[in-house]
Amino acid sequence: MAKSQDAVEHRPVFMPRVNSDNLVKTDMVRFERHVGFATRQKKKSINDMHQVIRKKYGFNHVLELSSKSGNKLSFPLSPFSLKITDEHDGNQYSVENAFQSSMVFEDGGPYIDLLTAPPRQARKDERLMTSGELIGYNYFGMEWGTEPLTVFYDWLYVNALKQNPQLHEEVMQYQAFTDITFNPKKSIHSAAYALALFVALNKREMLDNVEDPMTFYDLCTEFKISNTEHLLEEGWI
């Protein structure tokens with residue numbers, strides 16, 4: 001029986017940096033994607049990607065953040081699961097809900113009802129696609145611009161993880177992070193990138209006062225940004 005043809009895939013790897021002018025270094029990895037939707041096929045693709053990373057960088061500890069990773073740590077670190085406690089109302093919201101419900105568009109938003117929607121449903125809400133150009137974010141009255149592109153999302157994720165210290169010890173063991181479901185042509189906001197950013201800030205002992213938006217903004221922008229912005233196609237969110 002002829003072997004089914006596999007495809008070449010490109011996905012980013014996000015690496016925390018301690019002694020460089022980047023907090024996170026992003027590189028694209030070329031690997032063989034095993035065609036098919038079965039979990040087994042996804043795991044084969046992840047294994048191939050991580051083998052390439054280990055060979056190229058000499059890393060022993062690489063964490064895949066998607067649910068297909070087979071690593072129990074991936075679930076609590078997912079933006080659908082990881083929760084941030086809001087200082088205004090004391091409630092907990094997933095990073096995904098907090099992010100999607102804060103978007104402000106030319107013709108609408110923020111859609112605060114998305115705070116309490118199922119996270120995957122919030123991400124796919126039709127209003128996020130039909131309200132015109134994204135012009136900023138409003139999180140409980142806290143306003144953010146869209147530049148740098150990932151700064152608000154990263155602030156949410158880093159602060160949510162900081163609030164969950166039971167995850168820190170395991171997270172800090174990893175040298176790089178991936179998410180095979182993240183398509184850099186369609187999106188720029190990646191939990192794997194934000195996770196690498198948290199690790200870098202923690203290792204540099206720079207997590208103090210990251211709750212303050214201006215402190216976080218200044219912290220991130222004083223370093224060179226290495227992400228997948230150059231791969232974005234028109235029409236992304």
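Mentor: Let's take helix α9 and then follow the chain past its end. Before we start, this is a predicted model, where local features need pLDDT of at least 70 and side-chain atom pairs count only at pLDDT 80 or more, while totals for chains, interfaces and linings use all residues. Residues are numbered from 1 along each chain as its sequence is written, and side-chain values use heavy atoms, with hydrogens and water left out.

α9 covers residues 213-221; helices here are DSSP runs (H or I, at least four residues), strands are E runs of at least two, and both are numbered from the N terminus. Within α9, F216, L219 and C220 are buried, and buried means under 20% relative accessible area, with exposed over 50% and partly exposed in between (1.4 Å probe, protein chains only). Those three sit on the same side of α9, because they cover an arc of only 90° around the axis. That arc is taken from the directions from the helix axis to the C-beta atoms. What do the buried residues of α9 pack against? They pack against α6 and α8.

Now zoom in on F216. Not counting residues up to four places away in sequence, F216 touches V151, D154, W155, V158, L197, L201 and V210, where a contact means heavy atoms within 4.5 Å.

F216 also belongs to the largest nonpolar core, which has 57 residues. Such a core is a set of buried Ala, Val, Leu, Ile, Met, Phe, Trp, Tyr and Cys residues joined through side-chain atoms within 4.5 Å. F216 is among the residues that touch the most other members, together with L77, L156, Y157, L195 and L201. Elements that give two or more residues to this core include α6 (151-162), α8 (191-203) and α9. The largest share, 11 residues, comes from α8. There's a second, separate core too, with 11 residues, including F31 and V62. As a general point, nonpolar side chains in soluble globular proteins tend to be buried together.

Finally, let's go past the helix. E233 is in the segment after α9, and E233 counts as partly exposed because its relative accessibility is 35%. Leaving aside neighbours within four places in sequence, E233 is in contact with K185 and K186. From E233 to P184 is 8.6 Å in space, C-alpha to C-alpha, although the two are 49 residues apart in sequence.
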